[in-house]
Amino acid sequence: AQVNQPPAVSVCNGTTIPATIFSTQNTAGTTTYTWTNSNPSIGLAASGTGDLPSFTSINNGTTIVNATIIVTPSILTGTTSCSGTTKQFVISVLPNASLVATPNKTICNGSPSSAINFSSTATGGTISYSWTNDTPSIGLAGSGTGNIPNFTAINTGLSPITATISVTPSFTSGSLTCSGLTQTFTITVNPSAQVNSITNIEVCNGN
């Protein structure tokens, strides 16, 4: 019995993986397959017969989860069944890119804002970030990638201005990139302190 080498598979958490159809070069007899899975936590049973069924990948952790699938072929010719050499391949499930929460920030008009550095608990791949700012008038661009750079806060009005920053992390391994959940935080820019003009006062001694 013989089975063709199945390709390795890399997917993001929560992806529906189509069925893996096993094939053989044998043209006589009937070839059947049994398989085992070293890591059922990915959402696939520990063993089965026939082709690998479709399933939804699972990885709720912070690093890549690998499962080794071993396929054993058997060929039935007449009443004789013969097993063949096993083949194995790996299914890798990438985690969602997690983002450590960023605290809200309040600064004054004209003050320098230090860079805001993002971080993630995910490991084993490359973490990147993209962000948007719904109020560019505070002095920060409307969007960007990576960490938020230094900028000088702007609020020439009379009341605080609050900008909502939305950050989306991504986890990349090889040629596959998986996006994580978007998180938000706020940057509030308070106006400069102001006092209305006071009229000069002239009085007599003792008044």
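Trainee: Which cysteine does a disulfide join to Cys 12?
Mentor: A disulfide is a pair of cysteine sulfur atoms within 2.5 Å. Here the S to S distance is 2.0 Å. The partner of Cys 12 is Cys 178.

Trainee: What kind of model is this?
Mentor: Residues are numbered from 1 along each chain as its sequence is written, and side-chain values use heavy atoms, with hydrogens and water left out. Local features need pLDDT of at least 70, side-chain atom pairs count only at pLDDT 80 or more, and totals for chains, interfaces and linings use all residues; the model is predicted.

Trainee: How many residues apart in sequence are the parts that Cys 12 and Cys 178 tie together?
Mentor: Cys 12 lies in strand β1 (residues 9-12). Cys 178 lies in strand β15 (residues 176-179). Strands are DSSP runs of E, at least two residues long, numbered from the N terminus; helices are runs of H or I, at least four. So the pair ties together parts with a sequence separation of 166 residues.

Trainee: Are Cys 12 and Cys 178 buried or exposed?
Mentor: Buried means under 20% relative accessible area, exposed over 50%, and partly exposed in between (1.4 Å probe, protein chains only). For contrast, Cys 204 has 54% relative accessibility, so it counts as exposed. Cys 82 has 39%, so it counts as partly exposed. Both Cys 12 and Cys 178 are buried.

Trainee: How many aromatic pairs are there?
Mentor: Rings of Phe, Tyr and Trp (its six-membered ring) pair if their centres lie within 6.5 Å; planes under 30 degrees apart count as stacked, over 60 as edge-to-face and the rest as tilted. By this rule, the number of aromatic pairs is three.

Trainee: Which kind of pair do Phe 22 and Tyr 33 form?
Mentor: Their centres are 5.5 Å apart. The planes stand at 55°. The pair is tilted.

Trainee: Which residues do ring pairs link into a cluster?
Mentor: Start with Phe 118 and Tyr 129: the centres are 5.5 Å apart and the planes at 50°, so this pair is tilted. Phe 118, at 8% relative accessibility, counts as buried, and Tyr 129 is buried at 12%. The cluster links Phe 118, Tyr 129 and Phe 185.

Trainee: Which residue stands opposite Phe 185 in β16?
Mentor: Strands pair if DSSP finds at least two bridges between them. Strand β14 (residues 161-173) and β16 run antiparallel, joined by seven bridges. Strand β9 (residues 105-108) pairs with β16 (residues 183-190) in the parallel sense over four bridges. Opposite Phe 185 stands Ile 165.

Trainee: What is the radius of gyration of the protein?
Mentor: The secondary structure comes to zero helices and 16 strands. The C-alpha atoms fill a box of roughly 125 × 25 × 20 Å along the principal axes. The radius of gyration is taken over C-alpha atoms, and the globule rule is 2.2 Å times the number of residues to the power 0.38. That rule gives 17 Å for 207 residues, so the protein is more spread out than a compact globule, with a radius of gyration of 30 Å.
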